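Dear colleague,

Here is the model we spoke about, with sequence and coordinates. My notes on it follow below.

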Amino acid sequence: MWHFSMARIKYFLVTMTILCFFFLLCLNQYNVKLQSSRFRPVPMQKEEFGMVEDIGILKDLEVKFLPNFKNPCWYEVRRHDKQPHPQEVQHFQIVPSAMQHKYKSINYADEVLQCLPYFFLIGQPKCATTDIFHRINSHPDVAEPVVKGPNWWTRKRFGRPYAPQPVSLREYINLFNASKIKGYKQTSGELQGTWEYPRITGDGSTSTLWDSGATMGYLHHLMTTQKGTNIVQVLLQGRKESNSVPNVRNSSKINAIRYEHAQGLGWNQSSAPQRGIVLPFTVADVIHLILPKSRIIAVFREPVSSYLFFTKKGNLSSRHFDESVRTSIQKWNACVKQYSDRTCAYNKTLQNAMGVRLYNGLYNLYMKDWLQVFPRKQVLVLRMEDYHNNVTKTLASIYHHLGLRSPTPDENKRINIHKVYNKNRKKSLVGDMFDSTRKMLQDFYKPYNKDLANLLNDPKFKWEDISAILK
């Protein structure tokens, strides 16, 4: 009897072991399928820019911004009579500016305030823009957005490789705190200027200054399809000067940099994830088309002083940096022998081929495009060195540029009490560059700095005072 019971127990255990084995095997296969489905690359669209919204390129928002708001805002009606698709924006109906400026619910429809940025803080990496942006947002009349740098105009709206799929205008608008902008209404006794609602908000994406590669690729796509037959004329409407219509074939030919220039320098063209197309139009044209009254704040630093952030690799030794600089300058010189400095500065393939980010310091080339579109009075250009030397004075010039009132002494104390945001801590861990490397970089940037100083009519932007200290 006992032997019979033991046999049954052994049979039961063996059976359970076999079942568990098959269960784990099936579970593992399921997990493999699940993981592969999660990490499977997003399939290519039939059209490269098939999901990118036209808003901001071919047509404006079809709204009139509210005249009693200083910030560009408008009302929309969000109807609840149907379930909207996540990628659908047609269910939003624009509310005319003449309607009552308050939230209300009528016939299952909500009147929703929507806002875009009043100002753009542009520049280059490590130019104190994070610290400046936080201090601007500390002003009582500025509504801080959800993130400093959404990079929507230059990258996220176009999808890969910056986002799994194109980020919609709706998602971008949701970053700005419309309720806070509306939260402060001036009384008739304290009314300043012409706005009942004086609060503003801004976009702090530094890439807006210089990263127009995806925008140019998209515009070229529109120019070569029936979809964008009049895109050139639309964009030229915002230009200060009348320019000749660019030849699409010539613009396409510039894309040959991807092959001719890259192959000549031993650069693997398959490693370049983006096209090298360069057009006369930039992100500045697109923003101006929608927000022509935007206030622009550009912050620059002496280009050579930021050498820690030029290299794209983790090895920051002085010798490695010297080699990367020499190679990158060689690639730059090879490009400018065939194309203009502007074309080489914007070309994404050349940018990706460089070991150091020389193009980031070519401020004059980018500012020419911005000043081609925006009036000089709407563009404030600052030096990071001046900001560090006198934070209070520089902030005062920014507030004046944005049309903000001067903060009270208590408000100033709260603004200036903050720690320095995004302060670099790598410098103490890395040795100085070679004197020969510094001289090479100073010689490279000298004509570009001189051109910037002439463009801005300000000799400070030659950075001769800073260059003397660095020697």
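Asp369 and Arg342 form a salt bridge through their side chains, with N and O 3.1 Å apart. Asp369 belongs to helix H13 (residues 363-373) and Arg342 to helix H11 (residues 341-346), so the bridge ties together parts that are 27 residues apart in sequence. Asp369 has a relative accessible area of 8% and is therefore buried. Please keep in mind that this is a predicted model.

The closest N and O atoms of Lys368 and Asp451 are 2.9 Å apart. Lys368 is partly exposed, at 38% relative accessible area, and Asp451 is also partly exposed, at 24%.

The structure has 14 salt bridges. One of them joins Arg135 and Asp131, again with 2.9 Å between the closest N and O atoms. Both residues sit in helix H2 (residues 129-137), four residues apart, or about one turn of the helix. Arg135 is buried at 4% relative accessibility, and Asp131 is buried at 5%. Elsewhere, salt bridges link Arg383, Asp386, Lys460 and Asp465 in a network.

Arg383 is also part of strand E8, where Val379, Val381 and Arg383 are buried on one side and Leu380 and Leu382 on the other. In a regular strand, side chains alternate between the two faces of the sheet. Since five of the five residues of strand E8 (residues 379-383) are buried, the strand is largely enclosed by the rest of the structure. Strand E7 (residues 295-300) pairs with E8 in the parallel sense, over five bridges. Within this pairing, Val299 has Leu382 as its bridge partner.

Phe300 has contacts with Val381, Leu382 and Arg383, and its other contacts include Met367, Leu452 and Trp463. Phe300 is among the residues with the most contacts inside the largest nonpolar core, which has 72 residues; Trp153, Tyr172 and Trp370 are others in that group. Helix H17 (residues 435-456) gives the most to this core, eight residues. A separate core of 22 residues includes Phe119, Leu121, Ala128 and Ile297.

One loop residue is also worth a look. Asn68 lies between helix H1 (2-39) and strand E1 (73-79). Asn68 is buried, because its relative accessibility is 7%. The Asn68 side chain makes a polar contact of 3.1 Å with that of Glu196.

Regards

Technical notes:
Residues numbered from 1 in each chain as written. Predicted model: local features only at pLDDT ≥ 70, side-chain atom pairs only at ≥ 80, totals over all residues. Heavy atoms only, no water. Buried < 20%, exposed > 50% of the residue type's maximum accessible area, 1.4 Å probe, protein only. Helix = DSSP H or I, 4+ residues; strand = E, 2+ residues; numbered from the N terminus. Pairing = 2+ DSSP bridges. Polar contact = N/O pair within 3.5 Å; in protein donor to acceptor, adjacent residues only side chain to side chain. Core = buried A, V, L, I, M, F, W, Y, C linked by side-chain atoms within 4.5 Å. Contact = heavy atoms within 4.5 Å. Salt bridge = Lys/Arg side-chain N within 4 Å of Asp/Glu carboxyl O. Lists of a residue's contacts leave out its neighbours within four places in sequence.
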